[in-house]
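Subject: Handing over the structure

Dear colleague,

I am passing on the structure that we talked about, and below it you will find my notes on what turned up in it. Please read them with the structure open beside you.

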Amino acid sequence: MSSGGPGLESLVDQTISVITNDGRNIVGVLKGFDQATNIILDESHERVYSTKEGVQQLVLGLYIIRGDNISIVGELDEELDSSLDLSKLRAHPLKPVIH
(Lines give C-alpha, C1' and ligand atoms only; values in the text may rest on other atoms or scores of the structure.)
Protein backbone atom coordinates (compact mmCIF):
# COMPACT_ATOMS: atom_id res chain seq x y z
CA MET A 1 0.00 0.00 0.00
CA SER A 2 1.23 3.51 -0.67
CA SER A 3 1.56 6.34 1.82
CA GLY A 4 -1.72 7.91 2.92
CA GLY A 5 -2.27 10.23 5.85
CA PRO A 6 0.69 11.90 7.53
CA GLY A 7 2.50 9.76 10.05
CA LEU A 8 0.59 6.52 9.49
CA GLU A 9 3.73 4.78 8.19
CA SER A 10 5.24 4.89 11.67
CA LEU A 11 2.14 3.22 13.14
CA VAL A 12 2.14 0.11 10.92
CA ASP A 13 2.21 -3.04 13.09
CA GLN A 14 1.38 -0.90 16.16
CA THR A 15 -1.86 -1.04 18.13
CA ILE A 16 -3.98 2.02 17.33
CA SER A 17 -7.33 3.40 18.41
CA VAL A 18 -9.68 4.75 15.74
CA ILE A 19 -12.70 6.97 16.39
CA THR A 20 -15.15 6.83 13.50
CA ASN A 21 -17.48 9.61 12.39
CA ASP A 22 -20.42 7.68 13.83
CA GLY A 23 -18.80 7.58 17.28
CA ARG A 24 -17.39 4.04 17.34
CA ASN A 25 -14.04 3.27 19.01
CA ILE A 26 -12.15 0.48 17.25
CA VAL A 27 -8.81 -0.79 18.55
CA GLY A 28 -6.50 -3.02 16.53
CA VAL A 29 -3.09 -3.52 14.93
CA LEU A 30 -2.58 -1.30 11.87
CA LYS A 31 -1.65 -3.58 8.97
CA GLY A 32 -1.88 -1.13 6.10
CA PHE A 33 -3.52 1.91 4.54
CA ASP A 34 -3.80 3.65 1.19
CA GLN A 35 -3.82 7.21 -0.19
CA ALA A 36 -7.51 7.59 0.75
CA THR A 37 -6.59 6.66 4.36
CA ASN A 38 -8.64 3.46 4.16
CA ILE A 39 -7.05 1.37 6.90
CA ILE A 40 -6.72 -2.34 7.60
CA LEU A 41 -6.69 -3.46 11.23
CA ASP A 42 -5.92 -6.95 12.50
CA GLU A 43 -6.85 -8.47 15.87
CA SER A 44 -9.37 -5.64 16.19
CA HIS A 45 -12.27 -5.06 18.53
CA GLU A 46 -14.83 -2.36 19.09
CA ARG A 47 -15.12 -0.85 22.55
CA VAL A 48 -18.71 -0.01 23.45
CA TYR A 49 -19.02 2.46 26.32
CA SER A 50 -21.95 2.66 28.73
CA THR A 51 -22.78 4.57 31.90
CA LYS A 52 -24.55 1.49 33.30
CA GLU A 53 -21.98 -1.28 32.80
CA GLY A 54 -18.34 -1.82 31.97
CA VAL A 55 -16.87 -1.44 28.50
CA GLN A 56 -17.99 -4.20 26.14
CA GLN A 57 -15.39 -5.43 23.67
CA LEU A 58 -16.86 -6.81 20.46
CA VAL A 59 -14.33 -8.91 18.54
CA LEU A 60 -14.04 -7.85 14.88
CA GLY A 61 -10.82 -9.60 13.80
CA LEU A 62 -9.42 -8.42 10.46
CA TYR A 63 -11.29 -5.19 9.75
CA ILE A 64 -11.23 -2.47 7.10
CA ILE A 65 -12.34 1.08 7.87
CA ARG A 66 -13.03 3.49 5.02
CA GLY A 67 -10.95 6.64 5.19
CA ASP A 68 -13.97 8.93 4.84
CA ASN A 69 -15.46 7.38 8.00
CA ILE A 70 -12.36 8.01 10.16
CA SER A 71 -12.41 10.95 12.54
CA ILE A 72 -9.33 10.33 14.72
CA VAL A 73 -6.45 7.85 14.64
CA GLY A 74 -4.34 7.58 17.77
CA GLU A 75 -1.46 5.48 18.99
CA LEU A 76 -2.40 3.23 21.91
CA ASP A 77 -0.09 2.91 24.91
CA GLU A 78 -0.40 -0.87 25.27
CA GLU A 79 1.17 -0.97 28.73
CA LEU A 80 -1.23 1.66 30.08
CA ASP A 81 -4.17 0.12 28.22
CA SER A 82 -3.53 -3.35 29.65
CA SER A 83 -3.51 -1.90 33.17
CA LEU A 84 -7.06 -0.54 32.80
CA ASP A 85 -9.93 -2.58 34.19
CA LEU A 86 -12.44 -2.01 31.39
CA SER A 87 -15.14 -3.89 33.31
CA LYS A 88 -15.15 -1.09 35.90
CA LEU A 89 -14.93 1.80 33.43
CA ARG A 90 -18.12 3.81 32.88
CA ALA A 91 -18.49 6.43 30.18
CA HIS A 92 -21.11 7.97 27.96
CA PRO A 93 -21.12 6.50 24.44
CA LEU A 94 -19.42 8.79 21.95
CA LYS A 95 -21.65 11.00 19.88
CA PRO A 96 -21.24 11.15 16.09
CA VAL A 97 -18.49 13.51 14.96
CA ILE A 98 -19.65 16.40 12.80
CA HIS A 99 -17.02 17.90 10.49
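The structure holds 5 salt bridges, where a salt bridge means a side-chain nitrogen of Lys or Arg within 4 Å of a carboxyl oxygen of Asp or Glu. Please keep in mind that this is a predicted model, in which local features need pLDDT of at least 70 and side-chain atom pairs count only at pLDDT 80 or more, while totals for chains, interfaces and linings use all residues. Residues are numbered from 1 along each chain as its sequence is written, and side-chain values use heavy atoms, with hydrogens and water left out.

One of these salt bridges is formed by the side chains of Asp13 and Lys31, at 2.9 Å from N to O. Asp13 lies in the segment before S1 and Lys31 in strand S2, so this pair ties together parts that are 18 residues apart in sequence. The strands and helices named here are DSSP runs, numbered from the N terminus, with at least two residues (E) for a strand and at least four (H or I) for a helix. Lys31 counts as partly exposed, because its relative accessibility is 41%; on this scale, buried means under 20% relative accessible area, exposed means over 50%, and partly exposed lies in between, with a 1.4 Å probe and protein chains only.

A second pair to look at is Glu46 and Arg24, which form a salt bridge with their closest N and O atoms 3.0 Å apart. This pair links distant parts of the chain, as Glu46 is in strand S3 (residues 39–48) and Arg24 is in the loop between S1 and S2, 22 residues apart. Glu46 is buried, because its relative accessible area is 12%, whereas Arg24 counts as partly exposed at 23% relative accessibility.

The side chains of Asp81 and Arg47 also meet in a salt bridge, at 2.7 Å from N to O. Here too the pair links distant parts of the chain, with Asp81 in helix H1 and Arg47 in strand S3, 34 residues apart. Asp81 counts as buried at 16% relative accessibility, and Arg47 counts as buried at 8%.

Arg47 leads on to His45, because a polar contact of 3.2 Å joins the side chains of His45 and Arg47; a polar contact is a pair of N or O atoms within 3.5 Å, and within protein one must be able to donate a hydrogen and the other to accept it, while residues adjacent in sequence count only if both atoms are side-chain atoms. The side chain of His45 makes a further polar contact, of 2.5 Å, with the side chain of Gln57. His45 is placed in strand S3 and counts as buried, with 16% relative accessibility.

Ser83, in helix H1, has a polar side-chain atom that lies 2.6 Å from the backbone oxygen of Leu80, and Ser83 counts as exposed at 54% relative accessibility. The C-alpha atoms of Ser83 and Ala36 are separated by 34 Å, and these residues are 47 residues apart along the chain.

On the surface, Glu75, Asp77, Glu78 and Glu79 gather in a patch of negative charge. Such a patch is made of residues with over 30% relative accessible area and no salt bridge, in which like charges are joined within 9 Å (for nonpolar side chains, namely Val, Leu, Ile, Met, Phe, Trp and Tyr, the limit is 5 Å). Asp77 is found in the loop between S5 and helix H1 (78–83), and it counts as partly exposed at 45% relative accessibility.

Finally, Thr37 is placed in the loop between S2 and S3, and its phi is near 60°, a positive value in a residue other than glycine. Thr37 is partly exposed, with a relative accessible area of 22%.

Definitions and conventions: Areas by Shrake-Rupley, 256 points an atom, 1.4 Å probe, with all protein chains shown as cover. Lys, Arg positive; Asp, Glu negative; His and termini not counted. Charge placed at Lys NZ, Arg CZ, Asp CG, Glu CD.
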